[in-house]
2 protein chains.
Amino acid sequence: MNAHPRFSLNQATIKHASLAEAIAVTQGAGIQSIGVWREPVADIGLDVATRLIADSGLRVSSMCRGGFFTALEGPERRAALDDNRRAIEETAALAAAGAVGSAAVLVLVAGGLPHGSRDLAGARERVRDALGALEPFAASAGVTLAVEPLHPMFAADRAVVSTLGQAVDLAVEAGPSVGVVVDTYHVWWDPEVIAQIERAGRLGRIASYQVCDWLTPLPADVLLGRGIPGDGHIDFTPLTHAVDDAGYVGDIECEIFNAEIWSRPFTEVAADVSSAFSRVVAAQLDPVG
Amino acid sequence: MNAHPRFSLNQATIKHASLAEAIAVTQGAGIQSIGVWREPVADIGLDVATRLIADSGLRVSSMCRGGFFTALEGPERRAALDDNRRAIEETAALAAAGAVGSAAVLVLVAGGLPHGSRDLAGARERVRDALGALEPFAASAGVTLAVEPLHPMFAADRAVVSTLGQAVDLAVEAGPSVGVVVDTYHVWWDPEVIAQIERAGRLGRIASYQVCDWLTPLPADVLLGRGIPGDGHIDFTPLTHAVDDAGYVGDIECEIFNAEIWSRPFTEVAADVSSAFSRVVAAQLDPVG
């Protein structure tokens, strides 16, 4: 069966595939779009990666990921900003190589508290400052920086941006080339989520919509507790309607971190996730036009 | 050394102690106040428990816990509301038996999604309705219902009240005998937390302040990842200043769910927690008097 035309397979869902393998799996499943990660691109080099993407006929829906800029002023922070500039250039190149409809969107994970620090407010200020510093560079490269709020359980060690409202505030302050990621796994619990999706849409800031389910009990490594849509506790109907009503018309990625799913054959995972997407998420979208 | 006069030992921190043992440990550590749980009260019966409390000379700072009223209309929901009415009566009796300054405060944990349900908005409406139904009963018993927002990682399976702002909204809608618990572990990550503590104070709704630290990595059972203040990532200074400035003058509980701490001798835990409280939290309070 064919995948939904707006479905995109985020490479992290088949984490152990090379870029060439991920492209082949995506094509084989009839999926039109792929979300690319930097590490498998680095494994083969940007030139080879752009050629593979260009030859594939696939759209690129996003590049994961930049960010991690909460370090205090010093060499570590400067290195992080330099690395984000490289990620912006890579994003521009890959999106240009992708089929029409590709999105030059770089997903940003803010980073956690620096080692030994408890200054959450200070870390959040440094995220704001980094976005302000990177925005002109992204604008001139034609890339949108997409701030991803992560679930509050990651606030200490992974991302001090914890709510969609906070991400929208950061995007608005940084400038027009900064948007947000709406990832159901990270925001589904938020009593304000529907209002903030509406606000993000009104302000033209929804840069990516990612779908993934919340499973219980949480596994020992909470990073790896994500599920295929329909397997967990999230109701995708109100969230998808809100994103749709907010005017988002881009590709929709499934990005699933789950050790069990990573251990299965890539083609099987792609087929299962694509089918779940059609059943659970795409059914909520306005028909393509 | 003496405990800080506003420090209260929540019984859950020495979970395996009986009420008599918990009282003896609290007294032995020079602590003036105790947060009581329903299960150890039920083990000996309410009459014996009130006599133990009255004889102890300790204040009662809160009773844990009621709530768990997200079930759909039917026998389970009616049983939950009946159980909450009993908990309100027990809270009134124990607070009346406690020393001057005891607080007739019943902590409420909302409950998670009913089995097989993904209707988060509906579950939240049932919490609102239950609070509305219980408020007059609590008012006539002289008891304050304290809605505790739990960390969003518990939204599916334990508490659909996920932020302090949401808890304050629920309290305001339910009536004057409903307040909120500010527990650092559950709210520290929230970009809105300081503003919501101020708002809760302005509206006279802070019914309890509980302190406990956020440790990483999270343990396999995330319920048990709580730490003694100072051992984790939370900065208690801005939170404690905000609660203090908001006009909260009641006892401050340490409530720590942690299997390692539960396995240690009660007296050692009480001394360690009391000392950590003096060092990390009490230093931020305006001096008494």
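User: Where does Phe68(A) sit?
Analyst: This is a predicted model in which local features need pLDDT of at least 70, side-chain atom pairs count only at pLDDT 80 or more, and totals for chains, interfaces and linings use all residues. Residues are numbered from 1 along each chain as written, chains are lettered from A and ligands numbered from 1 in written order, and side-chain values use heavy atoms, without hydrogens and water. Helices (H or I, at least four residues) and strands (E, at least two) are DSSP runs, numbered from the N terminus. Phe68(A) lies in the loop between S3 and helix H4 (75-97) of chain A.

User: What is phi of Phe68(A)?
Analyst: Most residues other than glycine have a negative phi. Phe68(A) has a positive value, near 55°.

User: What is omega of the cis bond joining Thr216(A) and Pro217(A)?
Analyst: Pro217(A) is in the loop between strand S8 (213-214) and strand S9 (226-227) of chain A. Omega of the bond from Thr216(A) is about -10°.

User: How much area is buried between chain B and chain A?
Analyst: Contact means heavy atoms within 4.5 Å. The contact takes 28 residues from chain B and 28 from chain A. Buried area is the accessible area (1.4 Å probe) that two parts lose on being put together, summed over both. Carbon and sulfur atoms give 65% of a total of about 2,200 Å².

User: How many residue pairs are in polar contact between chain B and chain A?
Analyst: A polar contact is a pair of N or O atoms within 3.5 Å; within protein, one must be able to donate a hydrogen and the other to accept it, and residues adjacent in sequence count only if both atoms are side-chain atoms. With both residues at pLDDT 80 or more, the count is 6.

User: What is the volume of the largest pocket?
Analyst: On a 1 Å grid over the protein atoms alone, a pocket is an open set of points where a 1.4 Å probe fits, with protein on both sides within 12 Å along at least five of seven lines; lining residues have an atom within 4 Å of a point. Points join across faces, edges and corners, and volume is the space filled by probe spheres set on them. The value is about 800 Å³.

User: Which residues are closest to the centre of the largest pocket?
Analyst: The lining has 34 residues. Those closest to the centre are Asp190(A), Pro191(A), Glu192(A), Val193(A) and Arg124(B).

User: Which element gives the largest share of the lining of the second largest pocket?
Analyst: This pocket holds about 460 Å³ of space. Among the residues closest to its centre are Leu120(A) and Asp190(B). The largest share, 5 residues, comes from H5(A).
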